[in-house]
Structure formats: structure tokens, C-alpha cells
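Please read it alongside the sequence and the coordinates.

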Amino acid sequence: MADPYRNGTWKSWFDAYGSKLVLYARQWVQTPADAEDVVQDGFVRFWKSDARKDVDAVALLYASVRRAGLDHLRKNRRRSAREERSQVGEDTCLPASKTGLEERERADAVETALRGLPGDQREVVVLKIWGELTFQQIATAMEIPANTAASRYRYALTALRKNLNSDVIT
């Protein structure tokens with residue numbers, strides 16, 4: 001994919017990466033609306049940063065969304081703890097999308113298997129498969145060595161294969 005930073009505006013960046021970033025942000029939030037908020041916050045952080053000119057800008061964009069997601073998660077945990085203490089709570093889970101039963105079951109199985117992975121492995125899988133990042137970009141985004149990103153990906157795939165039918169993982 002061509003680098004839209006060099007060829008365009010923030011809109012071209014958002015068009016190129018927005019939906020992938022929303023999927024990535026979903027691991028820290030429960031609703032699509034919250035994921036969109038996290039992406040917006042991360043995107044604003046990224047766009048204001050001068051560092052994007054000196055490093056892999058795509059990896060920095062994912063790192064910005066990651067930080068925004070973790071900030072959101074911490075904020076929600078504090079809020080949830082306050083609500084629990086006051087015994088006020090709200091279920092924020094959304095029902096599954098209305099697709100065919102088979103597709104819904106498959107999506108549920110994949111989501112369950114992904115949630116069963118350790119967080120660091122799940123994050124690498126989401127970045128690699130749905131974010132379409134290289135291991136070097138993942139390493140930059142997560143602030144880990146590229147070899148660590150690659151090994152986490154291998155371990156995650158091994159675990160997913162054990163938990164899912166082989167026809168789910170391609």
C-alpha cells in the first residue's frame with residue numbers, strides 16, 4: 001500500500017487505515033462506537049506528532065491507537081470500579097451482527113479463541129492479520145523486538161489451531 005502521508009492529507013490516511021484501526025482498537029473496548037473514539041483519539045495524537053516523519057509512520061499510527069486504547073481501558077476500569085462501589089452499572093455489550101448462523105458461529109469461535117490468547121499474542125495477531133503490518137512495524141508499534149513479535153505470532157497461531165477447526169484458520 002502506498003504511503004498516503006507522502007501523497008496526501010489526513011483524510012487519505014484515514015481512508016487507508018481507519019477500518020483496520022477500528023478492528024485493532026476493539027481489543028480494548030466493548031463497543032464499535034468506543035473503538036471509533038479510540039481510533040479518533042489515536043489518529044489525532046499521531047497527526048499532531050512530528051515524529052511520524054522520522055520513523056515508520058504506519059507503525060507509529062498503530063502505536064498511537066494502541067496508547068489511546070490502553071488509556072481508554074484504564075479510564076474504563078477506574079469508572080467501572082467506581083460504579084461497582086456505588087452499585088450502578090450498565091451492560092455495554094452489543095448483540096452479534098445479523099449475519100447467517102454459520103458465519104456468526106464462526107466469528108464467535110474465532111473471537112472466543114482470540115480472547116483466550118494472552119494479550120500480547122492477541123495483539124500481534126490482530127496487527128499482523130487484520131492490520132496487515134510487517135513484524136518490524138508490529139515491533140515498532142508495540143515497542144518490542146521484531147523477533148519477539150514473530151515468535152508471539154507463531155505461538156498464537158499454534159494455540160489458535162489447537163482451539164479451532166483447521167478450516168477456520170487460513
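Helices (H or I, at least four residues) and strands (E, at least two) are DSSP runs, numbered from the N terminus. The model is predicted: local features need pLDDT of at least 70, side-chain atom pairs count only at pLDDT 80 or more, and totals for chains, interfaces and linings use all residues. Residues are numbered from 1 along each chain as its sequence is written, and side-chain values use heavy atoms, with hydrogens and water left out.

**Overall fold and burial**

- The protein has eight helices and zero strands, and its elements run α-α-α-α-α-α-α-α from the N terminus on.
- Of the 170 residues in the protein, 38% are buried; buried means under 20% relative accessible area, exposed over 50%, and partly exposed in between (1.4 Å probe, protein chains only).

**Nonpolar core**

- A nonpolar core is a set of buried Ala, Val, Leu, Ile, Met, Phe, Trp, Tyr and Cys residues joined through side-chain atoms within 4.5 Å.
- The largest such core holds 39 residues, and Trp13 and Tyr62 have the most contacts inside it.
- At least two residues of this core come from each of H2, H3, H4, helix H5 (101–115), H6, H7 and H8.
- H4 provides the largest share of this core, with eight residues.

**Helix H2**

- Helix H2 (residues 10–25) spans only 19 Å between its end C-alpha atoms, whereas a straight helix of 16 residues would span 22 Å at 1.5 Å a residue. The expected span is 1.5 Å times one less than the number of residues in the helix.
- A kink of about 55° in H2 is centred on Tyr17; the bend at a residue is the angle between axes fitted to the seven residues ending there and the seven starting there.
- The buried residues of H2 are Trp13, Tyr17, Gly18, Lys20, Leu21, Tyr24 and Ala25.
- An α-helix has 3.6 residues a turn, so residues three or four places apart point the same way.

**Salt bridges**

- Eight salt bridges are found in a search of the whole structure, each being a side-chain nitrogen of Lys or Arg within 4 Å of a carboxyl oxygen of Asp or Glu.
- Asp71 and Arg45 form a salt bridge in which the closest N and O atoms are 2.7 Å apart. This pair links distant parts of the chain, with Asp71 in helix H4 (residues 57–85) and Arg45 in helix H3 (residues 32–48), 26 residues apart. Asp71 is partly exposed at a relative accessible area of 30%, and Arg45 is partly exposed at 32%.
- Arg67 and Glu143 form a salt bridge whose closest N and O atoms are 2.5 Å apart. Arg67 lies in helix H4 and Glu143 in the loop between helix H7 (135–142) and helix H8 (146–163), so that the pair links distant parts of the chain, 76 residues apart. Arg67 is partly exposed, with a relative accessible area of 35%, whereas Glu143 is exposed at 57%.
- Asp120 and Arg152 meet through their side chains in a salt bridge (3.4 Å, N to O). The two residues are 32 apart and link distant parts of the chain, Asp120 being in helix H6 and Arg152 in helix H8. Asp120 is partly exposed at 32% relative accessible area, while Arg152 is buried at 19%.

**Surface patch**

- Leu23, Ile129 and Trp130 form a nonpolar patch on the surface, with about 240 Å² of accessible area together. Patches are made of residues with over 30% relative accessible area and no salt bridge, like charges being joined within 9 Å and nonpolar side chains (Val, Leu, Ile, Met, Phe, Trp, Tyr) within 5 Å. Accessible areas come from the Shrake-Rupley method with a 1.4 Å probe, and for residues only the protein chains shown count as cover.
- Ile129 belongs to helix H6 (residues 119–130) and is partly exposed, with a relative accessible area of 37%.

**Positive phi angles**

- Most residues other than glycine have a negative phi, and most peptide bonds are trans.
- Glu132 has a positive phi near 55°. Glu132 is found in the loop between H6 and H7 and is exposed at 54% relative accessibility.
- Glu143 is not a glycine, yet has a positive phi of about 60°; Glu143 is found in the loop between H7 and H8.
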